[in-house]
Amino acid sequence: MNQTKKNNLIVLSLGIILIFSIIISFWIGRYPVYTKELLGILFSKIIPIDQFWTDTMETVLFNIRLPRIALACLVGCCLSGAGAAYQGVFQNPMAAPDILGASAGAAFGAALAILNYQSSYMITFSAFFFSLVTVALVYFVSKKAKGSGILGLILSGIMVSSLFSAGTSFIKLVADPNEQLPAITYWLMGSLSGAKNSDVSFVIIPMAIGLIPLLLLRWRMNVLTMGDDEARTMGVNSNQVRIIVIVCSTLITAASVSVSGMIGWVGLVIPHLARKLVGNNYNHLMPTSMLLGAIFLLIVDNVSKNLFSTEIPLGILTAFIGAPFFLYLITRKGDIY
């Protein structure tokens, strides 16, 4: 079996694993919804079926289980896809979705909204808005910087992220320690415990706008990894493609962080695991990263809400899993790229 067929089989297998993971996720929880009831409830919305499930099951399915599972898959897919794209564009194996400050901006926006006693919808919107503002500011500063454009972009991201992180720290300092500070702290640790259908509706469009071009530009990302001169000889405008990839990656990162909070390591570790499976060809690397990210975060979310009586924030679990695994990757052969 040649490499292309092998990689296609891996992508197909990951898609099947994701489907089974989603089905199993409906079973797990205090009020499990098994496959028979799940299909019955879903098909009842299309064709008339005599109800053989409880009203509680239907409520749990549509209002709790379905939006949470959908967000876990979408956020995992977007973070890992953005991480893979950034690593290719910047030619840096340590590049992650927060490299341009999207996460720092989202944290500041969410903290600011919590400080002003805003609704959960406004917290999500504020996080999304400030995430985009931060990256726009990073891009503006990088255009004024001298020297390499890529290096200027990365350094600008570090500087602007530091400013917004300082702003978040100040908000925590002046926040009410009884109500606002715990809410800000919990948001910063990352969680999908409050997932709602409105959250899915809010992020699905920006995620689609960002994910579809990343999938369509896969072969051009391969050209970018060869260098600007090689890309030019192949008729690819490297600067234009780079900007499109950065904008799309930023959009899906901002959308993800706005509904999930700060979830680290997914966009850093998962693309490297995908490379171990299918290599560096973005034709297979991008869909593999996205599927692996969705599977990974869905499993982690199931663990977070069922391991103990108190739910564990996702950011803590992804760090516990991601850091040792990344250490394994860099020590296995001494090369992670």
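Me: Where is tyrosine 117 found?
Reply: Tyrosine 117 sits in the loop between helix 4 and helix 5. Helices here are DSSP runs of H or I with at least four residues, strands are runs of E with at least two, and both are numbered from the N terminus.

Me: What kind of model is this?
Reply: This is a predicted model, where local features need pLDDT of at least 70 and side-chain atom pairs count only at pLDDT 80 or more, while totals for chains, interfaces and linings use all residues. Residues are numbered from 1 along each chain as its sequence is written, and side-chain values use heavy atoms, with hydrogens and water left out.

Me: Back to tyrosine 117. Buried or exposed?
Reply: Tyrosine 117 is exposed, at 57% relative accessibility. The cut-offs: buried is under 20% relative accessible area, exposed is over 50%, and partly exposed is in between (1.4 Å probe, protein chains only).

Me: What is phi of tyrosine 117 near?
Reply: Phi is near 55° for tyrosine 117, a positive value in a residue other than glycine. Tryptophan 265 is not a glycine either, and has a positive phi of about 75°.

Me: Where is tryptophan 265?
Reply: Tryptophan 265 is in the loop between helix 11 (238–260) and helix 12. It counts as partly exposed, at 32% relative accessibility.

Me: How many residues does helix 12 have?
Reply: Helix 12 (residues 266–278) has 13 residues. Its span from first C-alpha to last is 18 Å, close to the 18 Å expected at 1.5 Å a residue. The expected span is 1.5 Å times one less than the number of residues.

Me: Why is helix 12 called largely enclosed?
Reply: Ten of its 13 residues are buried, so the rest of the structure largely encloses helix 12. Among them are Leu268, Pro271, His272 and Arg275.

Me: New topic. How many aromatic pairs does a search of the whole structure find?
Reply: The search finds ten. Rings of Phe, Tyr and Trp (its six-membered ring) pair if their centres lie within 6.5 Å; planes under 30 degrees apart are stacked, over 60 edge-to-face, and the rest tilted.

Me: What do phenylalanine 108 and phenylalanine 130 form?
Reply: They form an edge-to-face aromatic pair, 5.3 Å centre to centre with 75° between the planes. Phenylalanine 108 lies in helix 4 (residues 102–115) and phenylalanine 130 in helix 5 (residues 120–144), so the pair ties together parts 22 residues apart in sequence. Phenylalanine 108 and phenylalanine 130 are both buried.

Me: Why is the pair of phenylalanine 128 and phenylalanine 202 edge-to-face?
Reply: Their planes are at 85° and their ring centres 5.6 Å apart, so the pair is edge-to-face. This pair links distant parts of the chain: phenylalanine 128 is in helix 5 and phenylalanine 202 in helix 8 (residues 197–216), 74 residues apart. Both phenylalanine 128 and phenylalanine 202 are buried.

Me: Which residues do ring pairs link into a cluster?
Reply: Phe108, Tyr121, Phe125, Phe128, Phe129, Phe130, Phe164 and Phe202.

Me: What sits over the ring of phenylalanine 52?
Reply: The charged end of lysine 36 does, 5.4 Å from the ring centre. The test is NZ of Lys or CZ of Arg within 6 Å of the ring centre and within 35 degrees of the ring normal.

Me: Now salt bridges. How many does a search of the whole structure find?
Reply: Four. A salt bridge is a side-chain nitrogen of Lys or Arg within 4 Å of a carboxyl oxygen of Asp or Glu.

Me: What meets in a salt bridge with glutamate 58?
Reply: The side chain of lysine 45 meets that of glutamate 58, at 2.9 Å, N to O. Glutamate 58 lies in helix 3 (residues 55–90) and lysine 45 in the loop between helix 2 (35–44) and helix 3, so the pair ties together parts 13 residues apart in sequence. Glutamate 58 is buried at 18% relative accessible area, but lysine 45 is exposed at 53%.

Me: And which residue does arginine 68 meet in a salt bridge?
Reply: Arginine 68 meets aspartate 301, at 2.8 Å, N to O. The pair links distant parts of the chain: arginine 68 is in helix 3 and aspartate 301 in helix 13 (residues 282–306), 233 residues apart. Arginine 68 is buried at 8% relative accessible area, and aspartate 301 is buried at 2%.
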